[in-house]
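This report goes through the charged pairs, the aromatic rings, the nonpolar core and a surface patch, in that order. Please keep the sequence and the structure in view while reading.

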Amino acid sequence: MALLSAQTTPGTKILRHVVMFKFKDSTTPKEVTQVVDAFAQLPKKITTIKDFEWGTNNSPEKLNDGLTHCFFVSFGNEKDRDDYLVNPAHKAFVEILRPHLDKVLVLDYWATK
């Protein structure tokens, strides 16, 4: 699991963009790694990303509905998130992902501490 630390002051809100993937059964472990690596490179390419972390499911509850990979991309505001969504680097990542994607779930929320 990769983690970049998000240091926030008390009461500071941060916008979390949560993305979960289920890869196609035909996707090889090497291809999964290529997708994950491409996603993990986005913070170096898109300055509006404040924090990025990811991991794989290890819940014993078995309620993940086939989703195996979870990514948190954090932003300071909705404009930064919206700019990220149309950024050419994000669009290029989506093209790398698309042939391997079986299912995706995206949820954005304001986190408060």
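## Terms and model

A salt bridge is a side-chain nitrogen of Lys or Arg within 4 Å of a carboxyl oxygen of Asp or Glu. This is a predicted model, in which local features need pLDDT of at least 70 and side-chain atom pairs count only at pLDDT 80 or more, while totals for chains, interfaces and linings use all residues. Residues are numbered from 1 along each chain as its sequence is written, and side-chain values use heavy atoms, with hydrogens and water left out.

## Salt bridges

The structure has six salt bridges by this rule. One of them joins D108 and R81, with N and O 2.7 Å apart. D108 sits in strand β5 and R81 in helix α3 (residues 78-86), so this bridge links distant parts of the chain, 27 residues apart (helices, H or I, of at least four residues and strands, E, of at least two are DSSP runs, numbered from the N terminus). R81 also bridges to D82, again with 2.7 Å between the closest N and O atoms. Through these shared partners R81, D82 and D108 belong to one network.

How buried or exposed are the members? Buried means under 20% relative accessible area, exposed over 50%, and partly exposed in between (1.4 Å probe, protein chains only). R81 is buried, because its relative accessible area is 14%. D82 is partly exposed at 39%, and D108 is partly exposed at 29%.

Another salt bridge pairs D65 with K103 at 2.9 Å, N to O. D65 lies in the loop between β3 and β4 and K103 in strand β5, 38 residues apart. D65 is exposed, with a relative accessible area of 55%, whereas K103, at 27%, is partly exposed.

## Aromatic pairs

Rings of Phe, Tyr and Trp (its six-membered ring) pair if their centres lie within 6.5 Å; planes under 30 degrees apart count as stacked, over 60 as edge-to-face and the rest as tilted. The whole structure holds nine aromatic pairs. In one of them, the ring centres of F39 and F52 are 5.4 Å apart and the planes stand at 55°, so the pair is tilted. Because F39 belongs to helix α1 (residues 29-40) and F52 to strand β3 (residues 51-56), the pair ties together parts 13 residues apart in sequence. Both F39 and F52 are buried.

F75 and Y84 make another tilted pair, with 5.0 Å from centre to centre and 50° between the planes. F75 and Y84 are buried as well. One aromatic cluster is formed by F21, F23, F39, F52, W54, F71 and F93.

## Nonpolar core

A nonpolar core is a set of buried Ala, Val, Leu, Ile, Met, Phe, Trp, Tyr and Cys residues joined through side-chain atoms within 4.5 Å. The largest one here has 21 residues, and F21, F39, L42, I49, F71, Y84 and F93 are those with the most contacts inside it. At least two residues each come from β2 (14-23), α1, β3, β4 (69-75) and α4 (88-97). Helix α1 supplies the largest share, five residues.

Contact means heavy atoms within 4.5 Å. Apart from neighbours within four places in sequence, I49 touches L42, P43, V73, S74, F75 and Y84.

## Surface of strand β5

Y109 is in strand β5 (residues 101-111). At 32% relative accessibility, Y109 is partly exposed.
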